[in-house]
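Me: I have a structure to study. Let's go through it in questions and answers.

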Amino acid sequence: MKIKLFGAMLLLTGCGQRAGAGELRIFFEGNRPDTVVVNAESLAERVREVTRVDYRKYAVEGSSVLIPVDDSELMYVTVWPLDKEYDDLRVLVGCGDSVSVTVGDRGSFRLNPLLAGTTLMDGEMSYRSELKAYTDSEAYRSVIAENRINAIKDFKSDYIRRHPDDEFALWMLWSMSDDVCAALIDSVGEGPAQGQLQPVYEAIKDRASAFRSRAAKKKRNQSGGEAPDFTLCDADGREYSLSQFRGKWVLLDFWATWCKWCIKGFPDLEEFRQRFGDRCEVIGLSADDHREIWAEYMSGHPLEWLNLWIDATDSSDRNPKKSYAIDSFPTKFLISPDGMIRLYEVGENPAFYEKAASLIGE
């Protein structure tokens, strides 16, 4: 599960040597809900994609609501009006913190509430100020509409690069794409990396490392490196390894039952099998998360080529989805008799079979 963070992102200092519950008070300048819902999770677990659900309701009395956060570690807290789950506020709260958020007169938690209480909040407010100056500038207004998302992404990346010692910049990096994380993680200063957001820093490092590994594998796929071996089972539980087909051409087809383009291409794949089956072993590799879904499809749609299932719980390089850096379906490989990748195709493209035929020869 990849985490996309939306809405206001507030960062509150961690426990350090302080004791006692942290607290978050939300003030409303105008419209206010009668009740807010709160869910608090460990930040260290959240960034490792472990989620906790512990919804609690708090009545809004008068113009504010006080939310206690009683825990011994930095917590990731989500708050939203009872009837508007989509309008949420996300905060990090540590022991002993006493912070405030002021929601504007429109009553939306996401519309840039005013923050007070910590240096991290100061960091967010500073970022907002620079972002507003940029979006008000002639340079931004001159960008055509369809390119403005990328312009904002570039602005954020530049901001992170220019603020290596700012913890808010590190927190913002967590919400960026894996390629940006890989490009910017080495620019993060020692202070943020070793401070209260160390779990965030370590998780981003892991994402960056995984991205670089995938990029190297894709480069191997394109340049014709050696095909990684694997061992998987068919629907009857029989094991097959890629290495047992050495001396023969092999076509690998990574697919899934939910992929309409994968299934749409099966007639062309069967035609190829009938034409070259004596010299080329066709192997379908199902990436369905649940074996039962794949087995049910196979029982109703018998396919003539060898079909194997990839165990989604295997996170090692024994999993061919990982060792071949598969992130789109269908993806096909043609492997030569000496075990080298000769063709690599992402998507369903009839030209792949023409190229494969020319390599195998009649």
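Me: Is Cys262 buried or exposed?
Reply: The model is predicted, so local features need pLDDT of at least 70, side-chain atom pairs count only at pLDDT 80 or more, and totals for chains, interfaces and linings use all residues. Residues are numbered from 1 along each chain as its sequence is written, and side-chain values use heavy atoms, with hydrogens and water left out. Buried means under 20% relative accessible area, exposed over 50%, and partly exposed in between (1.4 Å probe, protein chains only). Cys262 has a relative accessible area of 2%, so Cys262 is buried.

Me: Which residue does a disulfide join to Cys262?
Reply: A disulfide is a pair of cysteine sulfur atoms within 2.5 Å. Here the S to S distance is 2.3 Å. The partner of Cys262 is Cys259.

Me: What is the handedness of the disulfide of Cys259 and Cys262?
Reply: Look at the torsion about the S-S bond. For Cys259 and Cys262 that torsion is about 85 degrees. Therefore the disulfide is right-handed.

Me: How many disulfides does the structure hold?
Reply: Cysteines also sit elsewhere in the chain: Cys95 is buried at 5% relative accessibility, and Cys181 is buried at 0%. For disulfides, the count in the structure is one.

Me: How many residues are in the second, separate core?
Reply: The largest core has 45 residues, and Phe272 is among those that touch the most other members. Leaving aside neighbours within four places in sequence, Phe272 is in contact (heavy atoms within 4.5 Å) with residues including Leu251, Val282 and Ile360. The second core includes Tyr127, Tyr140, Ile160 and Ile185, and its residue count is 35.

Me: Which side chain does a polar contact of 2.6 Å join to Ser241?
Reply: Ser241 lies in strand β11 (residues 239-241) and is buried at 16%. A polar contact is a pair of N or O atoms within 3.5 Å; within protein, one must be able to donate a hydrogen and the other to accept it, and residues adjacent in sequence count only if both atoms are side-chain atoms. The side chain joined to Ser241 is that of Thr231.

Technical notes:
A nonpolar core is a set of buried Ala, Val, Leu, Ile, Met, Phe, Trp, Tyr and Cys residues joined through side-chain atoms within 4.5 Å. Helices (H or I, at least four residues) and strands (E, at least two) are DSSP runs, numbered from the N terminus.
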